[in-house]
Amino acid sequence: VGRNFNFFIMDFFFDKNRAKKFCQLLLQKMLPIFWSAQTRAEMVDEKTLRLAKKAGCQHIAVGVEVGNPHIRELIKKGNTVDDVRVCAELIHKVGLRMVAFCIIGLPGEGKEEITDTVNLIKEIKPYIVYPYFPTPASGTELANIIEQKNPQGLAQYRDRNALDTSAPLAERMTPKERKEIIKWAIGEFVQI
């Protein structure tokens, strides 16, 4: 009987030598486990993904975040939409399942930018998609943007965001438009 593990190392593939060593140890010990990992899109390569699959990896979770290049730059994502496409292609090619995390309602987003995210998710065909509203961690670029827009600070933003889907930072839309586009986006993700 196998066991299933999820490693909460955000950038499992960041140190390729460590990732390969881990996989080789699992193979060497012949441990009957299944596992999954998280990574950034630009950190995967086919050889390491193949080794991970052989060692029992079931799926790779990727921080896709957003499909619009301008918004990616605004939040300083650090990789490109093409990095996401290549990552998805490699994950599918080696026979792993992809989990995609995305964010809806970032600063500067309007209907077009949110549609870009939905279209990217449809294009890369993840096994599961987890859409989130922006939840800025202190010290991040997103937190800086929120603090500039909201003098009451992050706590008030987080409280409001958790209670009202019109609250995300997509300020180029009215609250009604935000609710409509978010409802549409979630509906599209459910169909994937």
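User: Is Cys-57 buried or exposed?

Analyst: Buried means under 20% relative accessible area, exposed means over 50%, and partly exposed lies in between, with a 1.4 Å probe and protein chains only. Cys-57 has a relative accessible area of 2%, so this residue is buried, and Cys-87 is buried as well, with a value of 0%. This is a predicted model, in which local features need pLDDT of at least 70 and side-chain atom pairs count only at pLDDT 80 or more, while totals for chains, interfaces and linings use all residues. Residues are numbered from 1 along each chain as its sequence is written, and side-chain values use heavy atoms, with hydrogens and water left out.

User: How many disulfides are there?

Analyst: A disulfide is a pair of cysteine sulfur atoms within 2.5 Å, and by this rule the count is zero. Cys-57 is in no disulfide, as the nearest cysteine sulfur, that of Cys-23, lies 7.3 Å away.

User: Which pattern does the protein chain follow along the sequence?

Analyst: Helices (H or I, at least four residues) and strands (E, at least two) are DSSP runs, numbered from the N terminus. The protein chain has eight helices and five strands, and their order along the sequence is β-α-β-α-β-α-α-β-α-β-α-α-α. Of its 192 residues, 47% count as buried.

User: At what angle do helix 1 and helix 2 pack?

Analyst: Axes are lines fitted to C-alpha atoms, for helices over the stretch in contact, and angles run from 0 to 180 degrees between N-to-C directions. Helix 1 (residues 16-29) packs against helix 2 (residues 46-54) at an angle of about 25°, and their axes are 9 Å apart. Helix 1 is therefore roughly parallel to helix 2, given that angles under 35 degrees count as roughly parallel, over 145 as roughly antiparallel, 65 to 115 as roughly perpendicular and the rest as oblique.

User: Which residues of helix 5 and helix 8 make their contact?

Analyst: Contact means heavy atoms within 4.5 Å. Helix 5 (residues 111-124) and helix 8 (residues 175-190) pack at about 5°, with axes 10 Å apart, and they are therefore roughly parallel to each other. From helix 5 the contact takes Lys-111, Ile-114, Thr-115, Val-118, Ile-121 and Lys-122, and from helix 8 Glu-177, Ile-181, Trp-184, Ala-185, Glu-188 and Phe-189. By class, seven of the residues in this contact of helix 5 with helix 8 are nonpolar, one is polar and four are charged, where Ala, Val, Leu, Ile, Met, Phe, Trp, Tyr, Cys and Pro count as nonpolar, Asp, Glu, Lys and Arg as charged, and the others, Gly among them, as polar.
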